[in-house]
Amino acid sequence: MNELQHILQAFVHTQKSAQRSALAMVVQTSGSVYRRPGARMLLVEDGQMISAISGGCLEGDVFERAQSLMFGGGEPIVVRYDTTSDEDIVFGFGLGWW
């Protein structure tokens, strides 16, 4: 089963079980990256993350940001992660963001 089929199958399950979900997608990259534009990840209110948008460093932050969409009626957002910055260190991995 490919990534999109897996995400769609999981989305159908969330709908049947009345769980909230959100979709995260990589829209632009530069330099060396784990996933290219178009990579998707389904985030489910129970904590499931189906697929991935990075090598594992960003998923937790993306899940936290998705909470306002799933529970607060928030607006979709675009977040830029800059893993080359030494000035903004987050997550304890030397990962910069802005």
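Me: Before we talk partners, when do two strands count as paired here?
Reply: Two strands pair if DSSP finds at least two bridges between them. The model is a predicted one.

Me: OK. In β2, what is the bridge partner of Ala22?
Reply: Leu43 in β2 is the bridge partner of Ala22. Ser21 has Val44 as its partner in β2.

Me: How many bridges link β1 and β2, and in which sense?
Reply: Five bridges, antiparallel. β1 covers residues 21-25, and β2 covers residues 40-44.

Me: Which way do the β1 side chains point?
Reply: They alternate. Ala22 and Ala24 point to one face and are buried.

Me: Why alternate?
Reply: Because side chains in a regular strand alternate between the two faces of the sheet.

Me: Is β2 mostly covered or uncovered?
Reply: Mostly covered. Four of the five residues in β2 are buried.

Me: What about the other neighbour, β3?
Reply: β3 spans residues 49-51 and runs antiparallel to β2, with three bridges joining them. Ile50 in β3 is the bridge partner of Leu42.

Me: And the turn, what is in there?
Reply: β2 and β3 form a hairpin with four residues between them. Gly47 in that turn has a positive phi of about 105°.

Me: New topic. Which residues make the nonpolar surface patch?
Reply: Leu23, Met25, Val27 and Val78 make a patch of about 440 Å². Val27 sits in the loop between β1 and β2.

Me: Why does Val27 count as exposed?
Reply: Because its relative accessibility is 59%, and exposed means over 50%.

Key: Residues are numbered from 1 along each chain as its sequence is written. This is a predicted model: local features need pLDDT of at least 70, side-chain atom pairs count only at pLDDT 80 or more; totals for chains, interfaces and linings use all residues. Side-chain values use heavy atoms; hydrogens and water are left out. Buried means under 20% relative accessible area, exposed over 50%, partly exposed in between (1.4 Å probe, protein chains only). Helices (H or I, at least four residues) and strands (E, at least two) are DSSP runs, numbered from the N terminus. Patches are made of residues with over 30% relative accessible area and no salt bridge: like charges are joined within 9 Å, nonpolar side chains (Val, Leu, Ile, Met, Phe, Trp, Tyr) within 5 Å. Accessible areas come from the Shrake-Rupley method with a 1.4 Å probe; for residues, only the protein chains shown count as cover. A salt bridge is a side-chain nitrogen of Lys or Arg within 4 Å of a carboxyl oxygen of Asp or Glu.
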